[in-house]
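Trainee: Could you walk me through this one? I'd like to go over the pockets and then the helix packing.

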Amino acid sequence: MAQYYVGVDVGGTTVKMGMFSDTGELLDKWEIPTRRKNNGKYILSDIVDSIEEKRETFEGNIKGIGVGIPGPVTADGTVLKCANLGWDVFSVSNKLASLTGVGNVKVGNDANVAALGEMWKGGGRGYDSIVMVTLGTGVGGGVILQGKILTGCKGAGGEIGHMKVNMDETRVCGCGNKGCLEQYASATGIVRLTKQRLAADDAETSLRSLPEVTAKDVFDAAKAGDAVAQELVE
């Protein structure tokens, strides 16, 4: 009987999932919305429901599940709070194993496991020590040293998104601090800065005609030569 593995990338906006062979071949991929209400209590159950739906279409056993989380994670799969999901401290590994019946569940910081994937199958092939920066709803970083994830003593090795880069910031980041890199360089941060910029004056820009500006809109406008968008990207 065939053996399959499931990869899960939990983001602040969507959860992306893939079904893989034991050689790392991607067999199917899909995504579901990330339901963050009630401190993210529905996220894991939504993931399990989605995996169960896919399990019906693949004849074989799910041998393992790998999960990337946008926050600090210890080596045993315990999340040490997650600002973008509303999670407190708990073992995602144990919870998912209980809900799915799959005993082999590995959980890590999303940027760390993404870096591990790049070393195995992507841009880091041929190297055993790499650094990766991820940009999405938040900002993350992953460090691979001699073929192994540098987790850090608090599970936040390479987690650059909440480094303080602006001592004068008055607005609060999702983590509770102020002036974090994530407040400026993430998709969420770019939208926030765009709203501030549009409210500052009447400078002409195509961004004003959009009902709801996204980070992609800003970069697309910048590529098209929009001066305000280019200023925001810089």
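Trainee: How much space lies in the second largest pocket?

Mentor: Bearing in mind that this is a predicted model, about 900 Å³ of space lies in the second largest pocket.

Trainee: And which residues lie nearest its centre?

Mentor: The second largest pocket has a lining of 39 residues, and those nearest its centre are N84, G136, T137, G138 and V139.

Trainee: Which element gives the most to that lining?

Mentor: That is α6, which contributes four residues to the lining of the second largest pocket. Elements that each supply at least two residues there include the strands β1, β2, β5 (78–82), β8 (130–135) and β9 (139–145), as well as the helices α4, α5 (182–185) and α6 (187–200).

Trainee: How does the lining of the second largest pocket split by class?

Mentor: In the lining of the second largest pocket, 18 residues are polar, 13 are nonpolar and eight are charged.

Trainee: OK, now the largest pocket. What volume does it have?

Mentor: The largest pocket has a volume of about 1400 Å³, and its lining is made up of 45 residues, with G7, F20, G66, V113 and G117 lying nearest the centre.

Trainee: Where does the largest share of that lining come from?

Mentor: It comes from α4, with nine residues in the lining of the largest pocket. The elements giving two or more residues to this lining are the strands β1 (3–10), β2 (14–20), β3 (26–33), β4 (61–69) and β7 (105–109), together with the helix α4 (110–121). By class, the lining of the largest pocket comprises 19 nonpolar, 16 polar and ten charged residues.

Trainee: Switching to helices: at what angle do α6 and α7 pack?

Mentor: Helix α6 packs against helix α7 (residues 215–223) at about 70 degrees, and their axes are 8 Å apart, so α6 is roughly perpendicular to α7.

Trainee: Which residues meet there?

Mentor: From α6, the residues A187, I190, V191 and T194 meet A215, V218 and F219 of α7. This contact of α6 with α7 has six nonpolar residues and one polar residue, with no charged residues.

Trainee: What about α2 and α3, how far apart are their axes?

Mentor: The axes of helix α2 (residues 43–55) and helix α3 (residues 92–100) are 10 Å apart, and the helices pack at an angle of about 40 degrees, which means that α2 and α3 are oblique to each other.

Trainee: Is that crossing left-handed or right-handed?

Mentor: The crossing in which α2 passes α3 is right-handed. On the α2 side the contact is made by L44, V48, E52 and R55, and on the α3 side by V92, K95, L96, L99 and T100. The residues of this contact of α2 with α3 divide into five nonpolar, three charged and one polar.

Terms used:
Residues are numbered from 1 along each chain as its sequence is written. This is a predicted model: local features need pLDDT of at least 70, side-chain atom pairs count only at pLDDT 80 or more; totals for chains, interfaces and linings use all residues. Side-chain values use heavy atoms; hydrogens and water are left out. Axes are lines fitted to C-alpha atoms, for helices over the stretch in contact, and angles run from 0 to 180 degrees between N-to-C directions. Angles under 35 degrees count as roughly parallel, over 145 as roughly antiparallel, 65 to 115 as roughly perpendicular and the rest as oblique. A crossing is left-handed if the near helix is turned anticlockwise from the far one by less than a right angle, and right-handed if clockwise. Contact means heavy atoms within 4.5 Å. Ala, Val, Leu, Ile, Met, Phe, Trp, Tyr, Cys and Pro count as nonpolar, Asp, Glu, Lys and Arg as charged, and the others, Gly among them, as polar. On a 1 Å grid over the protein atoms alone, a cavity is a set of points where a 1.4 Å probe fits but cannot get out, and a pocket is an open set with protein on both sides within 12 Å along at least five of seven lines; lining residues have an atom within 4 Å of a point. Grid points are joined across faces, edges and corners, and a volume is the space filled by probe spheres set on the points.
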